[in-house]
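User: Please take me through this structure by question and answer, with the cut-offs stated as the terms come up.

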Protein chains: 2
Amino acid sequence: MKGKQNTKDIILQTATRLFQRQGYNGTGLNQIIEESGAPKGSIYYHFPNGKEEIAIEAISMMRKLVLEGAEKDLSGKSSAAEAFEYYLDNVAAIFDARECIDGLSIGLIASETAFTHERLRYSCEMVFKDFQTLYAGILMQYGFKRESAEEIGITIAAMIEGACILSITYQNGNPIRRIAKQLSLLLKMNQE
Amino acid sequence: MKGKQNTKDIILQTATRLFQRQGYNGTGLNQIIEESGAPKGSIYYHFPNGKEEIAIEAISMMRKLVLEGAEKDLSGKSSAAEAFEYYLDNVAAIFDARECIDGLSIGLIASETAFTHERLRYSCEMVFKDFQTLYAGILMQYGFKRESAEEIGITIAAMIEGACILSITYQNGNPIRRIAKQLSLLLKMNQE
DNA sequence: GTCTATAGATAGATAGAC
DNA sequence: GTCTATCTATCTATAGAC
């Protein structure tokens, strides 16, 4: 509604970035406050339920960033294969830059919390399902049948998530580019 | 060499399990000691460099477990597609059981430490490359050309890693089974 | 809405006895 | 090889002034 960057938004943006890079357990509230420059006394005012509440909203923000980026890149191409090639090329470039990987993957926070923080696990599960739904919907736009699109949607989600981990570890976007090529083949083959 | 379970091995096995479930930052030395039942004063005797040293050896153990399991399941089938279908079916069953996911994935510890613990990141990078090499080698056993095998090897590593994250989050092995089907198609298509 | 101060717990790590 | 005791740092969270 209002364009102004209020304290809550600043905290949330910083937390989102740190959670993505260091994970939930690796990020302290102190660090979030320090790096955001937000008033130290304000964190429990804006997030009465503490760290877990911040994480839930951060996951929601990651979801938004991924969905927006993907939707934009995946639309208006001449085929599903071309759409995902274009999208993943952009994702790979982000890993090459190595600065900011905001909104790229929730895999870290998902696997960290799956056994230990049920509410966070559930949030991540819902986001992954949104990713699958997005990919399936895109495939249907390019002519895939619903059943086939849903089947491949989860595969695309897994491939991208896994390739993000490899790219983070290798410190470059090459793994993304490699799976992009194979995904393209897969899509051309499945295209009816 | 000796079959006896010494204290160091007990600590290492417990640490490996905990790191896989909770990550590096989510696992404390106290918890490792408590759950292993190892003598509390012995941890810095066996691992003078502390937590990071334990993690490096734990990563090495995860590597061993994955490679052994994969190598066994992937050998002696009649095609690459059949081999990976068999292997991934076994992996999926482990996630259904939800008890022990030892030696299933190093993605969590890799992405947790990529930006913050260079030595651990490097260890994980080497392990991922071993995975790729294993998969490529298996594909060559089933008649793939070297170049093609290496190209697909990294894709398989990414798919499995990503599907493991989805399966951990969803608390069942279905994502693994889904990618197994698509991987099978991909292999049949690439097979010369 | 923001501040300081601090509680209360736990972290990783070290020293020195045995 | 193992033990206890302890140090220091950090963490999440709360209380209460402004």
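User: Which pLDDT is needed for local features, and how are residues numbered?

Analyst: This is a predicted model in which side-chain atom pairs count only at pLDDT 80 or more, totals for chains, interfaces and linings use all residues, and local features need pLDDT of at least 70. Side-chain values use heavy atoms, with hydrogens and water left out, chains are lettered from A and ligands numbered from 1 in the order in which they are written, and residues are numbered from 1 along each chain as its sequence is written.

User: How many residues surround DNA strand D, and which helices each supply at least two residues of the surface near it?

Analyst: A residue is near a strand or molecule if one of its heavy atoms lies within 4 Å of it, and 14 residues surround DNA strand D, the closest being Leu29(A), Tyr44(A), Lys51(A), Pro39(B) and Tyr45(B). Helices here are DSSP runs (H or I, at least four residues), numbered from the N terminus. On that basis, at least two residues each are supplied by helix 2 (29–36) and helix 4 (50–74) of chain A and by helix 3 (43–46) of chain B.

User: What is the side-chain N or O distance from Tyr45(A) to a phosphate oxygen of DNA strand C?

Analyst: DNA strand C is surrounded by 14 residues, of which the closest are Pro39(A), Tyr45(A), Leu29(B), Asn30(B) and Tyr44(B). For the side chain of Tyr45(A), the distance to a phosphate oxygen is 2.3 Å.

User: Which residues of helix 2 of chain A are buried, and which are exposed on the other side?

Analyst: Buried means under 20% relative accessible area, exposed over 50%, and partly exposed in between (1.4 Å probe, protein chains only). The buried residues are Ile32(A), Ile33(A) and Ser36(A); they cover an arc of only 95° around the axis, taken from the directions from the helix axis to the C-beta atoms, and therefore lie on the same side of helix 2 of chain A. These buried residues pack against helix 1 (7–22) and helix 3 (43–46) of chain A. On the other side, the exposed residues are Asn30(A) and Glu34(A).

User: Is Thr27(B) buried or exposed?

Analyst: Thr27(B) is found in the loop between helix 1 (7–22) and helix 2 of chain B. Taking contact as heavy atoms within 4.5 Å, and not counting residues up to four places away in sequence, Thr27(B) touches Leu18(B), Phe19(B), Gln22(B), Ile32(B) and Lys51(B). Because its relative accessibility is 1%, Thr27(B) counts as buried.

User: Which residues of chain B are in contact with Ser111(A)?

Analyst: Ser111(A) lies in helix 6 (residues 107–113) of chain A and is buried, with a relative accessible area of 4%. A polar atom of its side chain lies 2.7 Å from the backbone oxygen of Gly107(A). Leaving aside neighbours within four places in sequence, Ser111(A) is in contact with Arg21(B), Leu108(B) and Ile168(B).

User: What is the relative accessibility of Glu85(A)?

Analyst: Glu85(A) has its place in helix 5 (residues 80–97) of chain A. Apart from its neighbours within four places in sequence, Glu85(A) is in contact with Ala180(A), Ser184(A) and Lys188(A). Glu85(A) counts as partly exposed because its relative accessibility is 36%.

Note on methods. A polar contact is a pair of N or O atoms within 3.5 Å; within protein, one must be able to donate a hydrogen and the other to accept it, and residues adjacent in sequence count only if both atoms are side-chain atoms.
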